[in-house]
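Good morning. Please have a look at the model first.

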Amino acid sequence: MTGDARANRPAPARAVVGNSAVMRHLCGMAERVALTQRALLICGPSGAGKEVIAQLVHQHSAARDAPFVDVNCGAIPEALFGAELFGSERGAYTGSVASRRGHFEMASLGTLFLDEIGELPLALQPKLLRVLETRTYRAVGSNEIRRFEGRIIAATHCDLPAMIRAGKFREDLYYRLAVFVLEVPGLDQRREDIADLVSHFAACQPRRLTFTPAAIDFLCKRPWPGQVRELRNAIDRLAVLAESPIVNVEVLHKCLPHQAAPQAVAQPLAEALMRLDGDNKLAAAEKLLIDHALRLSDGNKAAAARLLGVSRKAVERRMSAREDRLQLAQRCLDEGTRLSECAEFRDAIPVLQHGLDKLADASLQDDQLRLRLELHRLLAVCHRSVNGWLSVDARSCYQRALEHAHELGDEAEVTTLLFGIWSTQLMSLELAAARATAQEMLQRAQGSARPELVRQAHLALANTLYWLGDSQEALACLTRAGLIGATLHDGAGSQGFDVVDLALTLEGLSAFQMGAFGRGRAAWHRLIVRSGPDNPHAFNRVLALQGAAWLACMFGDAERLGPLASDLEAVAREHGFIFYRGIGQVFLACTLKPGRTPLEAEAALADGYEKHMLCQGGYLFNCFQAWKRGELLLDAGAAAQCEALIAQALELAITQQDRAYLAQLIEVRARALLAMGDAAGAERELRSALSTAEVLGAVPARLSASTHLARLLADSGRAAEGKALLGRSLRGVEVDMRVTQFAQAAALLSELGAEGSIAVPMKGRVHGV
């Protein structure tokens, strides 16, 4: 429904009928999710009641008195999509004689329910993604930026991950919508609720109906492919057509459409066979029959053949073909391993998938299980390397491999595979879950007597701690693993990359955050050496380039950042590493090349993040890119746009405990407020940034916040207070005038303590530092 009548009032309360365990769990989850403002995706078959669950969430939210606006995405013509959702100004298009409110404006602080999101045309999906990303939109024909403060709930009966693989739905849009996912069960999963639903719908009729126990039993056993909607329609039909208000089985036969009774044995058996592993269900069913016949005949092929009603040669022929497929699957694994060791991940994917296809009907003996495990694990690494850390295919492969490892009872393999689960959690900013997984990895690894697993687990924990804002403990973690100043070289490793490059990156970043600038530079210079063209492994080189460019950006060395970022973008593009191509574009934008305006650089940075990073790697770099974009927007004089961007980033950072660049975000927000004329608000935010940096032990952020606060104090006649503040912030900090934050703080302190002013050197400045 797209009219204003429903949009201008809160959603009417609609009862959720059913007391089955699955519905109690669903309603409990809906009530918990209602307490947040994050996006929600509701999945389930058509007619199962997805909109009822959406209204339940709305009724239990803090915005229960605000509007509930429902939109059928499949019913909006492509040409009118912008006007329907965002509104339009008078004269925006032919025939537009008055301004029109869009659904986002109608929802206001309430809930916008996007029904059948899977039917939204692919060409229209980027427009919706942009609103979800920025929480802002423009009406058609208007330049005014409007904010959407409500909540978005989407629903679909489609298999969105399958649509993503088919190229029919954007993966980045899926992860923006699926912050929380609720699955509404079909009636076949909650048959015990059918009696309550019948009573509920019967009570809503003008003529109250009464059903006999036999009639209720008949309705409970009857298939309902149209789900609750079909059941409700059936009761409506009975209210009109039944001659008596007492409904028995005979009345049901007369009034309801005839359905052929399913065969008592054949249908459940066929359904069970369709649930067998593998894509080739016929081959899987054949294997099941042959193996069962061999067990019944104690391995005697002739006797098994008689049980199956075929010749002995037919059984032997099929068993021989199975052995041939196992050998071919092993060759696929060997070739896939060779390709992945050369970082040819894209070429390895079809080879490994072919090996899995050959095992679709393999028996579940240990050797075949291990082969499947290795194929799934390596395929996950390849998908992750090519399509990003949040690749649906990678996550699916990791999960299947983990299931096989548990079946085999192989603790070492479980630990290795948990690294993939951890990386997904980290990139999704599920930092609490990522920390728990890393700790589980470490506990398992320490009992495995395999040093490489211990190093991987420590690396995962250190990485998580860095983003949680605990740089000191991150360094301690790397030290315990022997990854500080390490000269070991793991090559590709079980994860498809060398852990030393990530360890050096974390060492350099953590040392910089703690103010150990010399130690950070040492790690940075080692990464520069490892990032050269003589590195034989393309993915390892990309990781080293990422770390080297990152640290060049943090140290404010524009002369080195430019070439490093260019190499990172070029190598990632050449080998199809989409996520790292985006990182290269982000760092390139930070250099602010000659001839490019700050607004152009900000647009390029946003494009690299949204097009290549957000859809491929999740939210992990959200605060970093917002910090950099905010600086560029301030340089461009777009303070209001900067403040809106930072406010959104801060909301996500605080919600997800992402603290690595929290102080920098607060500082940029303060500077935006100052540019907008709110000096009091700016001082308050700068003090907040300073206290945040002190709590986190983030020395550069502390120096930067102190510098801006001291300047503000001096400009308002409180120079002495500003000087004392700067003196305290610089006390005990390692002297390094090449660090922008230190140089600016020292220069301002000198200026406040002497006549005249001392200009702060700005040559080679990196925007965002």
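**Salt bridges and burial**

Let me begin with R450, which is partly exposed, at a relative accessible area of 31%. Partly exposed is the range between buried, under 20% relative accessible area, and exposed, over 50%, using a 1.4 Å probe and protein chains only. R450 forms a salt bridge with E452, with 2.8 Å from N to O. By salt bridge I mean a side-chain nitrogen of Lys or Arg within 4 Å of a carboxyl oxygen of Asp or Glu.

Some background before I go on. This is a predicted model, where local features need pLDDT of at least 70 and side-chain atom pairs count only at pLDDT 80 or more, while totals for chains, interfaces and linings use all residues. Residues are numbered from 1 along each chain as its sequence is written, and side-chain values use heavy atoms, leaving out hydrogens and water.

How many salt bridges does the structure hold? The count is 36. Here is one of them: E610 pairs with R130, and their closest N and O atoms are 2.5 Å apart. This pair links distant parts of the chain, since E610 is in helix α29 (residues 598-617) and R130 is in helix α6 (residues 125-134), 480 residues apart. Helices here are DSSP runs of H or I with at least four residues, and they are numbered from the N terminus.

Is E610 buried or exposed? Its relative accessibility is 19%, so E610 counts as buried. R130 is at 38%, and therefore counts as partly exposed.

Next, D410 and R370. Their side chains meet in a salt bridge at 3.0 Å, N to O. This pair, too, links distant parts of the chain: D410 sits in the loop between α19 (392-408) and α20 (411-427), and R370 sits in helix α18 (residues 366-387), 40 residues apart. D410 counts as buried because its relative accessibility is 17%. R370, at 33%, counts as partly exposed.

Helix α18 also holds H376. Why does H376 count as buried? Because its relative accessibility is 9%. What does H376 touch, leaving aside its neighbours within four places in sequence? H376 is in contact with L356, C397, R400, A401 and H404, where contact means heavy atoms within 4.5 Å.

That is the end of my part.

Technical notes
Helices (H or I, at least four residues) and strands (E, at least two) are DSSP runs, numbered from the N terminus.
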